[in-house]
Each structure stands twice: as structure tokens, then as C-alpha cells.
Amino acid sequence: MKKNHTSTAWLTWGIMLVGANLRLPITMIPPLLPTIKQTLGLPASMAGMLTTIPLLMFALASPLIAKMGNRRGNEWSLLVALVILLAGSLLRIIPSLTALIAGTLLIGFGISGGNVLLPAIIKDQFPHAIGAKTSLYTVTMGLIASLGTGLAGLLNQQFNMQITLAAFSLVGVFGLLVWALAFRTLPKKAARQDVQRKNIAVSRSMLAWWIALFFGLQSFLYYSLLTWLPSLWQAAGFSQIAAGNLATIFQLSGMPATLSIPFIAEKRHGLLYSVWGIMLGFVLGALGILIPGANFGLNVVYALLMGVASGAASGAAFAICIVFFQKKTADAYETASLSGFAQSVGYLFAAVGPVLYGFIQTATGSWDLLLWLTVGLTLLMFVAGLIINANHRIFPSKVNR
């Protein structure tokens, strides 16, 4: 059943506002950590868990959400996930360590809903505008995530932690309300989907495993580099402010790639060029930082190269993973199943990254080793990308499974 203009408009706004909620609840926390430690008595050893918990929830919840989407409908399932996300955001306002941890768990589950279901919804609802709608939500996601990191500390200084958390929870309120209105405008058939459709065992596809590996490696590299690059640059002789500026450049520089990758992927050989570009960005950036005595200007270039290539909050690698979910599947059911599978495996791998990088650096005292490890993992991701590009779909046969 064809959508009307009202439904299309609400869906578009909904996709954008859902995207705004997919990283903000995580990226706003690091600037608040000193206040959280002081106010709630959070042990220093547990501070990193506020970032790790959502990643683990992504891994655990993604396959469950994919199954729920295929059984009950992707749009309805996303509505439920947004309710859970908002509940977690509101729970964190309560000045209690237990509420903070419980809210973070709920937030991880809610964000998983958007991570898994939005690519499938876009493929189903906008088959002729996949690139534009994918760019809309990935760019919004990265931009709001970056703004959240900067504004959280400022609001916390001007007011307090509870007001800051409450202010950012309004983004969740708007996302839920707009998506609820979008859901109500859908034709009944589109809103219900086919609840009799069986779950799709994408784990039987070798291509699905390669896509999961690619997603896991890009997430592993992004979160590891985001965590440790500031310390690496300080160890190289830059001041804390300069190192922080370089890390900010790394985080923000992925925006142009996030916007352009879905459109490039629609072109002939576009996916192949994108895979090559991601590899070159990571490798050249890491090798550049390895050069001793480099000045701030050159390190800006290296941060830009790796930032454009990088993944989970903004950048080309995450955007191309979304394209893989959409282009390597036959329909929205397969897209949701592949998205859930790849993100479950990938985020479980990514959660290990920052801890492993820290362990290696502590054990060896070498920052250079981490950069060489980055180069090696990038080349493995490059091989996976070439293999994915050479295959058409996770299930070449159109026979129902």
C-alpha cells in the first residue's frame, strides 16, 4: 500500500530524530564522569563501564530486536525500543548509582533498536531513496553525539548533573513522539508487516560472517582509538589541550564521509572505492603518527585521515556497514536479521577493544605497538571489505528459507 505525503514526511522526521538518540546518551557521559564519581560515589574502576555497558547491550540485544522486528514489524518494534530508551534516560536523572546503572542498561537496549531496525525500515519504506535517508540519520547521529560531548560539560558547570541529564532526555522525548506520530500515519498493512514470516538464520551465510567481521573491526578500531589517542598524543609531547583538540578533530572529521558514503555506494564500483578509502585513511593516519617529531599541523592531517575512515559514532566505516546491511539483502526482513547478527557479533568484539589496547600499552609501555596493531587490523578489515564487495547477497537464492 502506497504511503501518502503526510506519512512520508513524518517518517523522514522520525528517522532523523531517532538517529539523534543513537549515540547522544553515551557521548554525553564522559564529561560528567568527575561529577558522577563525586556525587554518586562511582568507583574509578567502574567509570569506564558506563561506556562498555551499552556496547555489551548492543551485542546481547541486537539479535533479540531483529527477531522482534521480523515477528511484530520493524516500525512497531522501534517504537517499543524508543519507549525503553526514554525510560532509561529518565531513570538516570535519579541521583542514585543503582538508577544510573539500570538506566544505562535500558538505554543500551533502546539504542540497539535503532541500530538494528532503522536500516531495514529505510530499505522497506524508502527503496528509491536509501542513500538519502541513510545519510540523514547517520549524519544526525554523529553531529548530535559530538554536540552532546561538548554541551554536557558546559551545562553541568552552569547548572548541575540532574538538570543536564534531564535536558538531554528531551531529545528522547521528541524522538519518541515523532516516531509515534509517524507510526500512526502508516497504512495498516505497512504498520503490521507479515507477522508469519519466520526468522532468517543469517548465521548460515559465510558472507554474513564477513560483514559481521567488518562491522566488528571498524567498531573495535573506533572505540579503541577514541579512548587512547588523547593519551598517545600526550605521550608524544603534545599538551593536554592540544591532544584533546586532535581527538575532537578525529571524532568530527567523519561527517563528510558519513554524508557521502551512502551516495557513493550507489555508483558503479562505489563500494569498492569506499573500502579502499577507509583502508588508506586508517593506515596512512596510523603510520603518520608513528613518525617521530611530527608537529601539530601534521598530526591534524593524521587525525583527519583516521577520523574520516573511522566508525561507530561518525565516519565512513560505520556508514558503509549500513550500506552492506541494505545492499547485501533481498528485503527488509533479511536486512533486520543481518543488521542484528552483525551488530551482535561486532559490538561484542568492539567492547574488548579499549580494554585490550590499554592492557597492551600497560604491559609493553609502547604506544607504537598499538599503532602497528591498528594497521594490521585495518588490513584485515580491508580484506573483509573486498570479499563482501565481490559477493552479491547473503543468500543468492530467492527461495524462502
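A residue is called buried when its relative accessible area is under 20%, exposed when that area is over 50%, and partly exposed in between, with a 1.4 Å probe and protein chains only. With a relative accessible area of 0%, Ser339 is therefore buried. The structure is a predicted model, in which local features need pLDDT of at least 70 and side-chain atom pairs count only at pLDDT 80 or more, whereas totals for chains, interfaces and linings use all residues. Residues are numbered from 1 along each chain as its sequence is written, and side-chain values use heavy atoms, with hydrogens and water left out.

Ser339 belongs to helix α16; helices here are DSSP runs (H or I) of at least four residues, numbered from the N terminus. A polar atom of the Ser339 side chain lies 3.4 Å from the backbone oxygen of Asn115. Contact means heavy atoms within 4.5 Å. Apart from neighbours within four places in sequence, Ser339 is in contact with Asn115, Val116, Pro119 and Phe325.

Two packed helices are described by the angle between their axes and the distance between the axes. Axes are lines fitted to C-alpha atoms, for helices over the stretch in contact, and angles run from 0 to 180 degrees between N-to-C directions. Helix α16 (residues 332-364) packs against helix α17 (residues 368-390) at an angle of about 140°, their axes being 10 Å apart. Angles under 35 degrees count as roughly parallel, over 145 as roughly antiparallel, 65 to 115 as roughly perpendicular and the rest as oblique; α16 and α17 are therefore oblique to each other. Tyr357, Ile360, Gln361 and Thr364 of α16 make this contact with Leu369, Leu370, Leu373, Thr374 and Leu377 of α17.

Helix α17 has a further partner in helix α13 (residues 270-290): the two axes come within 9 Å and cross at roughly 170°. These two helices, α13 and α17, are therefore roughly antiparallel to each other. The residues that meet include Trp276, Met279 and Phe282 in α13 and Trp372, Val375 and Phe382 in α17. By class, the contact of α13 with α17 has 19 nonpolar, 4 polar and 1 charged residues, where Ala, Val, Leu, Ile, Met, Phe, Trp, Tyr, Cys and Pro count as nonpolar, Asp, Glu, Lys and Arg as charged, and the others, Gly among them, as polar.

A nonpolar core is a set of buried Ala, Val, Leu, Ile, Met, Phe, Trp, Tyr and Cys residues joined through side-chain atoms within 4.5 Å. The largest such core has 98 residues, and Trp179, Ile211, Phe214, Trp233 and Tyr347 have the most contacts inside it. Helix α10 (residues 206-235) gives the most to this core, with 15 residues. A second, separate core of 16 residues includes Met28, Ala47, Ile93 and Phe168.

Leu79 lies in helix α5 (residues 74-91) and, at 18% relative accessibility, counts as buried.

Thr140, in helix α7 (residues 130-158), counts as buried at 14% relative accessibility. A polar atom of the Thr140 side chain lies 2.6 Å from the backbone oxygen of Leu136. Leu32, by contrast, is placed in the loop between α2 (24-27) and α3 (33-40); Leu32 is buried, with a relative accessible area of 0%.

Definitions and conventions: Polar contact = N/O pair within 3.5 Å; in protein donor to acceptor, adjacent residues only side chain to side chain.
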